[in-house]
Amino acid sequence: MTDHVGDYVSRVFAAEDEILLSLREEADRTGLPPISISADTGRLLQVLLLAVGARRVLEVGTLGGYSAIWIARALPADGSLISLELETKHAEFATRYVRRAGLAEKVEIRVGRALDLLASLDGEQFDAIFLDADKEPLPTYFEWGLRLVRRGGLIIADNALWGGRVVDERVDDDATRGVREMNRRMATDPRVAGILVPTHDGVAIGVVL
Ligand SMILES: C[S@@+](CC[C@H](N)C(=O)[O-])C[C@H]1O[C@@H](n2cnc3c(N)ncnc32)[C@H](O)[C@@H]1O
């Protein structure tokens, strides 16, 4: 989608409040990488989570907590989000903003390598998992999604178009291969019904069957 159209969708459907605006401004000023989800993707996540009645959500890749705030705001009072993050600096930033948003009771940020933290969650059940960290292990994260998400729940992944690299045959790096393979599984694995929504950088969505 062009920036122009994306801006329109965000403006009409996904207005940011003072906390989200302040988070983005401070993240830019303090040098956090500018790779949070877009506001329209935040709203898309909320609509999807509300549609499946999500109470318990798992996120892989917290960064500054921007997506965590969108997600947690779509959960009921007794809902919860566990968000996994490698970098302590990112987790501390996110913790501060989650608190400012009044969501500290709902959001738990765990610091470590996602693959280790996912293994420690084996046996638990979630209504949805949101994949937004490193791209090379996406096929493995997808398999964890199938293991941890209940039937009828969602596996969602941002950057499914990966800046257009998924369709550029000259690109064959590990990250791009990871995104392509996850997309292939979302599209063909009989354990999910999947689609790639070409909003912003692409959001892949699979319903666990
Ligand atoms: C795209 S950002 C997440 C953006 C966030 N979901 C948002 O929209 O606000 C990716 C995050 O994943 C983290 N990350 C990268 N590799 C990771 C890994 N192996 N385990 C856990 N976190 C990882 C990075 O440190 C970074 O903060």
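**Entry 1**

I started with Arg-96 and Glu-26, whose side chains form a salt bridge at 2.6 Å, N to O. My rule for a salt bridge is a side-chain nitrogen of Lys or Arg within 4 Å of a carboxyl oxygen of Asp or Glu. Arg-96 sits in helix α5 and Glu-26 in helix α2, so this pair ties together parts that are 70 residues apart in sequence.

Ground rules before going further: this is a predicted model, where local features need pLDDT of at least 70, side-chain atom pairs count only at pLDDT 80 or more, and totals for chains, interfaces and linings use all residues. Residues are numbered from 1 along each chain as its sequence is written, and side-chain values use heavy atoms, with hydrogens and water left out. Helices (H or I, at least four residues) and strands (E, at least two) are DSSP runs, numbered from the N terminus.

Are the two partners buried or exposed? For the classes I take buried as under 20% relative accessible area, exposed as over 50% and partly exposed as in between, with a 1.4 Å probe and protein chains only. Arg-96 comes out partly exposed at 37%, while Glu-26 is buried at 13%.

I then looked up what Glu-26 touches, with contact meaning heavy atoms within 4.5 Å. Leaving out residues up to four places away in sequence, Glu-26 touches Phe-93, Arg-96 and Tyr-97. For Glu-26 and Phe-93, 67 residues apart along the chain, the C-alpha atoms are separated by 9.5 Å.

**Entry 1: α2 against α5**

Two packed helices are described by the angle between their axes and the distance between the axes. My axes are lines fitted to C-alpha atoms, for helices over the stretch in contact, and the angles run from 0 to 180 degrees between N-to-C directions. Helix α2 (residues 18-29) packs on helix α5 (residues 88-100) at an angle of about 160°, with the axes 10 Å apart. That makes α2 roughly antiparallel to α5. The scale I used: under 35 degrees is roughly parallel, over 145 roughly antiparallel, 65 to 115 roughly perpendicular, and the rest oblique.

The crossing of α2 over α5 is right-handed. I call a crossing right-handed if the near helix is turned clockwise from the far one by less than a right angle, and left-handed if anticlockwise.

Which residues make the contact? From α2 I listed Glu-18, Ile-19, Ser-22, Leu-23, Glu-26 and Ala-27, and from α5 Phe-93, Arg-96, Tyr-97 and Arg-100. By class, the contact of α2 with α5 has five nonpolar, one polar and four charged residues. Here Ala, Val, Leu, Ile, Met, Phe, Trp, Tyr, Cys and Pro count as nonpolar, Asp, Glu, Lys and Arg as charged, and the others, Gly among them, as polar.

**Entry 2: other salt bridges**

How many salt bridges does the rule give? The count comes to 20. I noted Glu-108 with Arg-110, at 2.7 Å from N to O. Glu-108 is partly exposed at 37%, and Arg-110 is partly exposed at 23%. Another is Arg-170 with Asp-168, at 2.8 Å from N to O; Arg-170 is exposed at 74%. I also found one network, in which salt bridges that share partners join Glu-143, Glu-181, Arg-184, Arg-185, Asp-189 and Arg-191.

Next I checked helix α4 (residues 66-73), which is mostly covered, with seven of its eight residues buried. Those are Tyr-66, Ser-67, Ala-68, Ile-69, Trp-70, Ile-71 and Ala-72.

Helix α3 (residues 39-51) packs on α4 at about 30°, with the axes 8 Å apart. The two are therefore roughly parallel to each other, and α3 passes α4 in a right-handed crossing. The contact uses Ala-39, Gly-42, Arg-43, Leu-45, Gln-46 and Leu-49 of α3, with Tyr-66, Trp-70, Ile-71 and Arg-73 of α4. I get six nonpolar, two polar and two charged residues for the contact of α3 with α4.

Gln-46 is buried at 7% and touches Trp-70, Arg-73 and Ala-74, not counting residues up to four places away in sequence.

Last stop was Ala-77, in the loop between α4 and β2 (80-85). Ala-77 is exposed, at 78%. The C-alpha atoms of Ala-77 and Lys-106, 29 residues apart along the chain, are separated by 8.1 Å.
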